[in-house]
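Okay, thanks for making the time, everyone. Let me put the model up on the screen, and then I'll walk you through it.

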Amino acid sequence: MSKYNKKYVAPEGQYWGGNLVISDTPFWWKVDKDNVGYMLTMPDGKLSLTFITGIEEKLEKGNGQGGTSQPKKVVYGQNSLVPHNGQGKVDIIGFGAAGVVVWRQGSQTSDLLVTPNFGFNNEAGRWRVENHVRLLADTTGNGRLDIVGFSDAGVSISVSKGDNIFEEPNFVLAEFGYDAGWRVEKHLRFVADLRNTGRGDIIGFGDQGVFVSLNNGDSTFSPSKLAVADFGYEAGGWTPDVSLRFLADLNGNGLLDIIGFGRVVWASFNNGDGTFQPLKSVLADFSNGQAWYNDRHPRFVADLTGDGKPDLIGMKDDGVYVAFNNGDGTFNAAQKVVDNEFCYSKGWRVEKHPIFIADLTGDGRGDIVGFYDDGVYVAINNGDKTFNPAKRVLDKFSWKENWVIEKHPRFLVDTTGDGRADIVGIWDSDVYTLLVENFGDNRRGWAADKAVKYVASLYP
Ligand SMILES: [Ca+2]
Ligand SMILES: [Ca+2]
Ligand SMILES: [Ca+2]
Ligand SMILES: [Ca+2]
C-alpha cells in the first residue's frame, strides 16, 4: 500500500495484475475465495470487489447437461416454499381474497391485482390455505417467476409475461392435488429446477415417498414418477410435525439434493435427470435420534462458510450448534458456536420467536437473526467457524409489540441491493420497512388463515 495524491493506493494482490484499490483512509483487506473467483473485502464494508478468475471458466463448462455446476445456493424447505433469490429488489406477492396481488419495489404503480385467480373468493377459485399450496417458481426458464397452484384437481400455472402481466391459468397436471390425496399437514410440494434446465420441475413428498414430475419445456409436465421410496408420510414415517425436509445442493455439483432430519440426518443425492440416489446417512446429530425436536429446536440448512455448500445449524436446549459441510454433502460432528442464546433454556419458543439464518454482513456467510420478546437479536458469523455473542439490535418486530407468528410473517431479504439482508415484516395493517399499506392481517381479505404472502423477486 502506498500514498498517492493524499489517497491510499494498493494493488489488488500479486497473482492478479491490473486494478488498484483507492481509499481516503489507511486500510487492510481480506481476500476470500468466492464462488467465481476471489473476493476482496475491506473491513469497514465500504468496498468489496470480486475478482473473476479462471475458476469461473472451469465451473461454467458445467456438467454437460446444459447448465453449470456452480453450487445452487438456494434452499427450499417447509418454511421456504419460495426461497428469496437475493437480487436486492423485492416484490410482495399476496394470494388474497380476490386473487393475486403484487407490490413491486421501485415501481410507480401501487399494489395491483395481477390475476383474479388463486384467491379465497368463489369467483377467484375458492383456494384454501388448509387444502391447497400456492407458490411462485420459474417454469419457463426466462428468470421470471410464474404463479403455481396445487388445487383439488391438480396443478395450475399462470405464466408471467413480465411487467405485472400473467397469462390465464393453465391446468398442467391432474396430480399432486387434494383429490389425489395430497394434504398440507402431511405432505410437501415444491416447484424446483432439479435438472439445471432453468425450468422448475414438480417435486412432492407424498405418502409413498418423493414423486417427481418433469417440466417438458413446453408448458406441459410428465406424469409423476416415484423418485425415492422414502422421505414420505408412510414411507419412512416423515411428517412436517416431527421431521424436516429440505432441497439443497449439498455436494456443490449444481443439482439440488434432498436432506431430511429424521432418526438421523439422511441425504439423497440428485442424479440430474429427475432421479435420486439411495438414502445415505450424513450426520447423526441434529436428528430425532439425538433428541432434536421440531417443537423446541429450529434447524436450518444454510451456507455458513461462504463456499457455496450448505452447512447445518440448529438451536438445541443450551445454545446454537453447527455442523459444517465436508464438501461432499456429509457433515462434521456438531459443535456449539453460541452459548445459551436463541435456545429453549434462555426462553426462546418456536411458537413465539421466529429465527432465521440470513447474511447480514454481505460476506456470503449466514448470520443468526431471532425475534424475541423485547426485539431482534443477532449473532454475526465471524467467518472462521465462530460466531460473535448474540446482541439485541432493534426493539421492533417483537412479541412485546404484539408481533405473533401465526399472523405476522417476517422475512430476511435484501431490499437495498448491498447484499445484506434487511427485515420485512407484515403486521396488522401494513408491511414494515417497505412502507406498503396493504397485505396486513387486519386488512379485508388478508387474514392469515385465508391468505398466503411471500416476499420474492418476480423478475431477474
Ligand atoms: Ca447436488
Ligand atoms: Ca459451507
Ligand atoms: Ca454474514
Ligand atoms: Ca440490504
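**Starting from one loop**

Let's begin at Gly 383, which sits in the loop between β31 (375-379) and β32 (391-394). A word on those labels: strands are DSSP runs of E with at least two residues, helices are DSSP runs of H or I with at least four residues, and both are numbered from the N terminus.

Before I go further, some housekeeping. Residues are numbered from 1 along each chain as its sequence is written, while chains are lettered from A and ligands numbered from 1 in the order in which they are written. This is a predicted model, so local features need pLDDT of at least 70 and side-chain atom pairs count only at pLDDT 80 or more, whereas totals for chains, interfaces and linings use all residues.

Contact here means that the two C-beta atoms, placed from the backbone, lie within 7 Å. As for Asp 367, it is 16 residues from Gly 383 in sequence, and the C-alpha to C-alpha distance is 9.7 Å.

**The sheet next to that loop**

Strands pair if DSSP finds at least two bridges between them.

Now the pairs. Strand β30 (residues 367-372) runs antiparallel to β31, joined by 5 bridges, and Ile 368 has Ala 379 in β31 as its bridge partner. A hairpin of 2 residues connects β30 to β31. Between β31 and β32, also antiparallel, there are 3 bridges, and Val 376 is partnered with Leu 394 in β32.

**Into the core**

Ile 368 turns up again here. The largest nonpolar core has 114 residues, and those with the most contacts inside it are Leu 136, Val 210, Phe 342 and Ile 368. By nonpolar core I mean a set of buried Ala, Val, Leu, Ile, Met, Phe, Trp, Tyr and Cys residues joined through C-beta atoms within 7 Å. Leaving aside neighbours within four places in sequence, Phe 342 is in contact with residues including Met 315, Trp 348, Ile 368 and Tyr 377.

Strand β9 (residues 100-104) pairs with β10 over 3 bridges, and Val 100 has Thr 115 as its bridge partner in β10.

Most residues other than glycine have a negative phi. Phe 118, in the loop between β10 and β11 (133-137), has a positive phi near 60°. Phe 118 counts as buried because it has 24 C-beta neighbours inside 10 Å. Leu 435 also has a positive phi, near 55°, and lies in the loop between β35 (431-432) and β36. Leu 435 counts as exposed, because it has 7 C-beta neighbours inside 10 Å.

Zooming out, the chain has 1 helix and 36 strands, and buried residues make up 44% of its 460 residues.

On confidence, pLDDT is the predictor's own score for each residue, from 0 to 100. The chain's mean pLDDT is 89, and 85% of residues reach 70 or more. Over residues 14-18 the pLDDT is below 50, and over residues 50-68 it stays under 50 as well. Where pLDDT is low, the predicted coordinates should not be read in detail.

Note on methods: Buried ≥ 20, exposed ≤ 12 C-beta atoms within 10 Å, placed from the backbone.
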